[in-house]
Amino acid sequence: MLDNTHLHITTWVLGIVLFFIALALMKGANAKGAKIVHMILRLMYVLIIFTGGWLFFQFSANDAALYGVKFLLGILVIGFMEMILVRTKKQKSVNVMWILLVIALLGTLYLGFSLPVGFSFLG
């Protein structure tokens, strides 16, 4: 049980780190490096969804509604991260996407740490 939770946390932490690396490379002059990191990040999205789905099907019998909301918010976080990267590459405005990303990420983190899977930082 705990190992699956740690695997999921590891994947999304790596995903967030890769997101910021790809963003920094896109804003710099390293387009090839940004493309490589962006492709690795897309692979990480698949791993995040897989490990999250694994936890969802393992524990959703406890409180299916809240786990479902967390799963949906997690998918939205991935979507907003991808939209920010693509829109940044196309030099379009990303202000609204950043706001939506922060809201979805905070909601996902709150539910993730407050639901009784593995361990809880929020009590």
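Phe56 is buried, with a relative accessible area of 19%, where buried means under 20% relative accessible area, exposed over 50% and partly exposed in between (1.4 Å probe, protein chains only). The model is a predicted one, in which local features need pLDDT of at least 70 and side-chain atom pairs count only at pLDDT 80 or more, while totals for chains, interfaces and linings use all residues. Residues are numbered from 1 along each chain as its sequence is written, and side-chain values use heavy atoms, with hydrogens and water left out.

**Aromatic pairs**

- Rings of Phe, Tyr and Trp (its six-membered ring) pair if their centres lie within 6.5 Å, and planes under 30 degrees apart count as stacked, over 60 as edge-to-face and the rest as tilted; the count by this rule is seven aromatic pairs.
- Phe50 and Trp54 make a tilted pair, because their ring centres are 6.1 Å apart and their planes stand at 45°.
- Phe50 and Trp54 are four residues apart in helix 2 (residues 31–59), and are therefore separated by about one helical turn; helices here are DSSP runs (H or I, at least four residues), numbered from the N terminus.
- Phe50 is exposed at a relative accessible area of 55%, whereas Trp54, at 38%, is partly exposed.
- Phe56 pairs with Phe57 in an edge-to-face arrangement, with 5.2 Å from centre to centre and 75° between the planes; Phe57 counts as exposed at 69% relative accessibility.
- Phe19, Phe20 and Trp98 are linked into a cluster by ring pairs.

**Surroundings of Glu82**

- Glu82 lies in helix 3 (residues 64–89) and is buried, with a relative accessible area of 17%.
- Leaving aside residues up to four places away in sequence, Glu82 touches His38, Arg42 and Tyr45, contact meaning heavy atoms within 4.5 Å.

**Packing of helix 3 and helix 4**

- Helix 3 packs against helix 4 (residues 95–114) at an angle of about 150°, with the axes 8 Å apart; axes are lines fitted to C-alpha atoms, for helices over the stretch in contact, and angles run from 0 to 180 degrees between N-to-C directions.
- Helix 3 and helix 4 are therefore roughly antiparallel, the class for angles over 145 degrees, with under 35 counting as roughly parallel, 65 to 115 as roughly perpendicular and the rest as oblique.
- Among the residues that make the contact are Leu73, Val77 and Phe80 of helix 3 and Leu101, Ala104 and Leu105 of helix 4.

Methods:
Helix = DSSP H or I, 4+ residues; strand = E, 2+ residues; numbered from the N terminus.
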